[in-house]
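Hi,

Here is the structure I promised to pass on. Have a look at it first, and then read my notes below.

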Number of protein chains: 2
Amino acid sequence: MALIVQKYGGSSVRDTERIRRVAERVVSARQDGHDVVVVVSAMGDTTDELLELARHLSPVPPSRELDMLLTAGERISNALTAMAIDALGTAAYSLSGDQAGVFTTAAHGRALITEVSPHRVRQALDRGSVVLVAGFQGFNRETEDITTLGRGGSDTTAIALAAALKADVCEIYTDVDGVFTADPRIVPDARRLDRLSYETMEEMAASGAKVLAPRSVEFARRYGVTVHVRPAHGTGPGTVVSGEGRGEGPSGDQPPSAETRSAVTAVAHDLSGAELTVSGVPDGPGTTAALFRVLADAGVDVDTAVQQTVRPPGRCGDLTLVLPELDGAAALAALREHHAELGFGDLRYDASIGKVSLIGTGMRSRAGVIARFCEALSATDVNITAISTAESRISVLCRADRLHDAVRALHAAFRLGTE
Amino acid sequence: MALIVQKYGGSSVRDTERIRRVAERVVSARQDGHDVVVVVSAMGDTTDELLELARHLSPVPPSRELDMLLTAGERISNALTAMAIDALGTAAYSLSGDQAGVFTTAAHGRALITEVSPHRVRQALDRGSVVLVAGFQGFNRETEDITTLGRGGSDTTAIALAAALKADVCEIYTDVDGVFTADPRIVPDARRLDRLSYETMEEMAASGAKVLAPRSVEFARRYGVTVHVRPAHGTGPGTVVSGEGRGEGPSGDQPPSAETRSAVTAVAHDLSGAELTVSGVPDGPGTTAALFRVLADAGVDVDTAVQQTVRPPGRCGDLTLVLPELDGAAALAALREHHAELGFGDLRYDASIGKVSLIGTGMRSRAGVIARFCEALSATDVNITAISTAESRISVLCRADRLHDAVRALHAAFRLGTE
């Protein structure tokens with residue numbers, strides 16, 4: 001008798017046949033005696049189709065209206081899934097984000113959950129219903145407006161609900177078998193990870209691993225929600241993400257032995273970024289800060305920034321930023337507008353870059369990891385255009401068309417695969 | 001400087017190109033200095049497509065979930081229309097039914113509006129925005145659930161909002177040029193009516209004229225809302241429905257003169273009904289009442305009932321009912337279930353019937369109208385299977401395949417056309 005929150009992505013509910021399969025899985029958990037709350041994304045490509053309609057009508061659709069538009073997608077999949085569960089003879093009760101008490105900031109398109117008051121969810125569970133909650137959407141109390149949570153918002157809805165309901169587990173159903181040491185479509189011998197710490201999962205998500213959205217993992221960590229990534233089709237064991245970081249590592253019989261082996265968990269890669277190089281940035285603590293302020297005011301999220309540190313003191317250097325390709329136009333416009341006050345040289349923009357990251361713990365302090373990292377890439381002829389290191393991650397930028405080779409080289413060099 | 005509520009049907013917003021044309025019309029009214037509230041139906045066939053998905057998943061989808069599902073359609077068209085207006089440089093603000101304060105009973109799928117508290121609509125108008133309200137949907141305060149108003153619900157939303165806002169006029173845009181003396185696709189010389197009383201319009205709507213839903217006209221009458229039926233494309237004058245019944249009649253130069261001419265306004269027809277004949281109904285006041293109670297409990301709306309009055313006292317007679325074809329299965333099941341207690345003979349069910357109605361005032365009291373009515377049908381070889389009369393209407397049932405001929409014969413006999 002547990003309380004389980006289950007989340008199904010758009011591809012799991014893309015047509016009525018798949019919705020029926022989701023319903024069967026939900027009903028099976030209910031028949032095992034569990035209380036079940038279900039969060040579904042919009043069906044298949046619904047969100048993209050609605051965005052396409054919006055773009056036909058307006059080059060820059062107002063974000064408030066965009067949220068009213070997009071939230072219809074989850075209401076549809078939500079109600080349909082409720083019907084499918086009901087048709088199997090199990091009571092089902094659907095709630096929109098606002099009805100489920102998912103309250104957010106007023107920032108349309110990227111609202112943050114401020115509070116979850118799931119009393120209607122609780123009441124319906126107490127009546128014996130499976131409860132469905134539309135993902136990705138919330139409600140701002142001040143403006144009384146409907147909001148959306150941005151990319152991966154349905155994961156965040158599920159995890160936030162699990163936290164508020166003190167659920168035993170939040171199951172995230174995906175079209176992969178779990179979290180792997182690298183993308184198995186690129187690295188055939190990638191290994192599924194049995195369990196992962198929040199910190200490692202967060203770093204992987206931030207580095208491009210698609211399984212979970214970074215914000216949702218942060219939420220899980222903050223509230224200690226155990227997240228179980230499971231395959232939507234099939235019965236594989238998946239991957240458990242929790243606070244128990246011990247025992248982290250590839251699934252397998254032998255325990256991790258070598259120091260390097262235990263330090264490094266996975267290779268992640270990301271093609272969604274673009275590289276913006278600001279050349280001739282005047283030296284001094286104020287300049288870089290001013291530049292980041294301009295970008296922040298323009299709503300640009302800078303992912304990685306690398307400053308060329310090897311330069312004569314007092315001389316201008318280059319600053320390389322990685323930012324979401326979607327924000328590229330806004331970033332260029334903002335910097336050009338403030339060119340005079342920032343006093344930099346040129347801007348170079350390149351969307352065809354990739355980022356490959358090695359994720360683990362104690363990466364910077366462990367001698368030899370960076371060296372082995374660079375040697376592996378060099379042996380495969382991957383040119384590195386920038387490198388950034390942190391305790392839990394080493395990331396480099398390279399040409400997009402070299403990215404898959406880089407992933408394979410690192411995965412092999414750190415012996416992450418099945419052997 | 002007027003306050004105008006405009007309602008656009010699904011075919012007027014069926015694609016982005018049409019939504020843009022609606023936006024242009026709205027902006028034009030705004031630029032003329034009017035305050036504008038817009039109610040849109042779901043795009044094109046959205047509602048039918050969503051119903052189809054629901055039927056794939058459940059033979060009898062729960063009505064609460066069906067309402068959650070279907071209301072997504074109007075939210076989509078609503079937000080898209082707001083974007084299109086915004087893109088033309090006019091501020092637009094969309095509201096769902098609950099945000100606009102459209103409160104209803106809890107009867108899912110056929111909720112009745114109990115109250116409209118449009119303070120958010122008013123605030124947005126005061127800020128200078130065009131306000132868009134999703135049609136067809138409302139909110140029940142007790143259950144905190146989303147409801148739908150049933151067929152023609154968007155007309156009702158528009159008229160109820162116009163009443164609550166004390167709007168100067170509620171404009172209903174349709175794909176026809178106004179209300180006609182008969183359907184112009186069937187009767188080529190049908191005349192557009194300049195103005196109509198609520199009572200006549202209500203009778204026409206109840207008799208199958210598609211332009212306005214009967215409930216919305218009832219609402220308009222109750223609150224004295226002037227309704228202007230206008231073509232969505234083109235600039236024709238349309239038809240005004242209001243409490244000023246004088247001057248009612250076909251548009252034209254000459255005032256109506258002959259008594260009969262002024263009494264009869266239009267011919268309406270309806271193919272959506274089915275005929276259910278209950279034979280051998282025992283005589284006595286209680287039996288028929290019990291039968292209607294059984295049908296009402298099964299949720300069947302009986303449109304017309306004709307009891308064969310010519311029969312020996314104390315003997316069984318036939319009762320012919322016309323009901324929506326959609327309710328046919330439910331009606332048959334309910335009557336069969338209560339066969340023993342009701343004690344009737346057989347049931348005969350026929351969906352291929354049509355109803356033709358002559359609409360006007362003082363029809364029953366005016367000698368000769370019924371006679372002329374029957375003569376006209378007889379001369380065209382239309383067999384009448386049942387007849388019902390009221391002060392404002394004479395209706396007969398005939399075979400569906402004779403219906404158009406019946407409409408043309410009556411239209412000609414009462415000289416309703418252009419001459």
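**What I found**

In chain A, β1(A) and β2(A) run parallel and are joined by six bridges. One pairing to look for is I4(A), which stands opposite V36(A) in β2(A). Strand β2 of chain A, residues 35-40, is mostly covered, with five of its six residues buried. Buried here means under 20% relative accessible area, with exposed being over 50% and partly exposed in between (1.4 Å probe, protein chains only). Strands (E, at least two residues) and helices (H or I, at least four) are DSSP runs numbered from the N terminus, and two strands pair if DSSP finds at least two bridges between them.

Before you go further: this is a predicted model, where local features need pLDDT of at least 70 and side-chain atom pairs count only at pLDDT 80 or more, while totals for chains, interfaces and linings use all residues. Residues are numbered from 1 along each chain as its sequence is written, chains are lettered from A and ligands numbered from 1 in the order in which they are written, and side-chain values use heavy atoms, with hydrogens and water left out.

**How the two chains relate**

Chain A superposes on chain B by a rotation of 180° with 0.1 Å of shift along the axis, at an RMSD of 0.1 Å. That is the relation of a two-fold axis. The superposition is by least squares on the C-alpha atoms of residues with pLDDT of at least 70 in both copies. To find the axis by eye, go to A72(A): of the residues of chain A, its C-alpha comes closest to the rotation axis, at 2.4 Å. The copies meet through the same surface, because 100% of the interface residues of chain A are also interface residues in chain B.

**The four-stranded sheets**

Chain A has an open sheet of four strands in the order β14-β19-β21-β20, with antiparallel pairing. Its edge strands are β14 (264-270) and β20 (386-390) of chain A, each pairing on one side only. From one strand to the next, the twist averages 15°. Five bridges join β20(A) to β21 of chain A (residues 393-399), and these two run antiparallel. There, T389(A) stands opposite I394(A) in β21(A). Helix α6 of chain A (residues 198-206) lies across β14, β19 (353-360) and β21 of chain A, running at about 175° to β19(A). For such angles, axes are lines fitted to C-alpha atoms (for helices over the stretch in contact), and the angles run from 0 to 180 degrees between N-to-C directions.

What order do the four strands of the open sheet in chain B follow? It is β14-β19-β21-β20, with antiparallel pairing. The edge strands are β14 (264-270) and β20 (386-390) of chain B. β14(B) pairs with β19 of chain B (residues 353-360) over six antiparallel bridges, and K355(B) in β19(B) is the bridge partner of D270(B). Helix α12 of chain B (residues 369-379) packs on this sheet and touches β19, β20 and β21 (393-399) of chain B, its direction making about 20° with that of β21(B). Contact means heavy atoms within 4.5 Å.

H269(B) also lies in strand β14 of chain B, and it counts as buried because its relative accessibility is 15%. Leaving aside residues up to four places away in sequence, H269(B) touches several others, including D183(B), S207(B), K355(B) and V407(B).

**Rings**

Over all chains, a search of the whole structure finds six aromatic pairs. Rings of Phe, Tyr and Trp (its six-membered ring) pair if their centres lie within 6.5 Å; planes under 30 degrees apart count as stacked, over 60 as edge-to-face and the rest as tilted.

One of the pairs is Y8(A) with Y173(A), which is stacked at 4.7 Å centre to centre with 10° between the planes. Y8(A) is in strand β1 (residues 3-8) of chain A and Y173(A) in strand β9 (residues 169-174) of chain A, 165 residues apart. Both tyrosines, Y8(A) and Y173(A), are buried.

F103(B) and F139(B) have ring centres 6.5 Å apart and planes at 65°, so that pair is edge-to-face.

Finally, R64(B) lies over the face of Y93(A), at 3.7 Å from the ring centre. A charge sits over a ring if NZ of Lys or CZ of Arg is within 6 Å of the ring centre and within 35 degrees of the ring normal.

Cheers
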